[in-house]
Amino acid sequence: MLDTNSKIAVVGAGVIGASWAALFLANGFKVVATDPGEGAEARLRGWVDAYWPALEQLGLAPGASKDNLSFTADLAEAVKEAAFIQENGPERLDVKHAMLATMEAAAPVDAIIASSTSGLKVSDIQAGARHPERIVLGHPFNPPHLIPLVEVGGGAHASPENVDKAMRFYASVGKKPIRVGKEVVGHIANRLQVALWREAISLVERGVATVEDIDTAISYGPGLRWALLGPFLNLHASGGPGGITHVLEHIGPAQREWARDLGAYPETDDYIAPIAKGVDEELKGYDFARTLAQRDELLVELLAAKSKATQIP
């Protein structure tokens, strides 16, 4: 586990990078961020300022301060002497490979480089690296400063020791790391989301439900339970004394029939306009920026309540 004297480098200071930076700062680390974009530093500091009240409510580590954030447009300078590097570049292998060449030339040889990639395989990112054994997957869920989940994987070349180090580091800053045991595109949680989106889009296209109906069905139905226990534990709870074995034996035949009727993800973009129209209709009368702010306020309250529950896994 890194101590707070260690320097953390955040490469790419967009929305995800800024959220990571805020989380590391809240845990007492010194953070140097880098981004080549014009106005990147001002945007970064603005986002960190916006995220800070929620982090204060969740609890700051001793010595935590926004003053521990520095910025440079020079990638090599940013990773110099960094013990841990969180990379948040564009989802393009050519860009990531170019960034990695610079980072590997400048960073300490034992610095772990974790990629926030949401869909690329870390093995493909490692290809051609001088030290692929220290390049790992570190995919967060947005916003990383609030959502604890992070998916960690080593791909074909990362050493088990470095994957373990990344897991321990993320846990030490309040994340809930899970290990990707076998590489697949999209990792774990995004694939689960896409499975739900596929059927949600299909139900709208088939006229079964409106966009608003779908959002209501999840946010006031299973989504409430999923925020507390995952799908398997919720199934286990539904089975009474017989648990998950009973419920799957009982509803298995029906679920197989439902599964055969599930929709496929659309092959063209024709579905986008009606879905977007449905979202616009759902948001009539709402200030969406305020909606998101209230979402984050409730997330903080939920996380705080969940942390006090000793029997929630």
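Predicted model: local features only at pLDDT ≥ 70, side-chain atom pairs only at ≥ 80, totals over all residues.
Which residue in S8 is the bridge partner of Glu151? Residues are numbered from 1 along each chain as its sequence is written, and side-chain values use heavy atoms, leaving out hydrogens and water.

The chain holds 13 helices and eight strands, which are DSSP runs numbered from the N terminus, helices being H or I with at least four residues and strands E with at least two. Its radius of gyration, taken over C-alpha atoms, is 21 Å, close to the 20 Å of the globule rule (2.2 Å times the number of residues to the power 0.38) for 313 residues, so the chain is as compact as a globular protein of that length. Buried residues, meaning those under 20% relative accessible area with a 1.4 Å probe and protein chains only, make up 38% of the 313 residues.

Turning to the sheet, eight strands form an open, mixed arrangement in the order S3-S2-S1-S4-S5-S6-S7-S8, where two strands pair if DSSP finds at least two bridges between them. The edge strands, each pairing on one side only, are S3 (69-72) and S8 (176-179).

That brings me back to the opening question: S7 (residues 149-153) runs parallel to S8 and is joined to it by four bridges, and the partner of Glu151 in S8 is Ile178.

Key:
Buried < 20%, exposed > 50% of the residue type's maximum accessible area, 1.4 Å probe, protein only.
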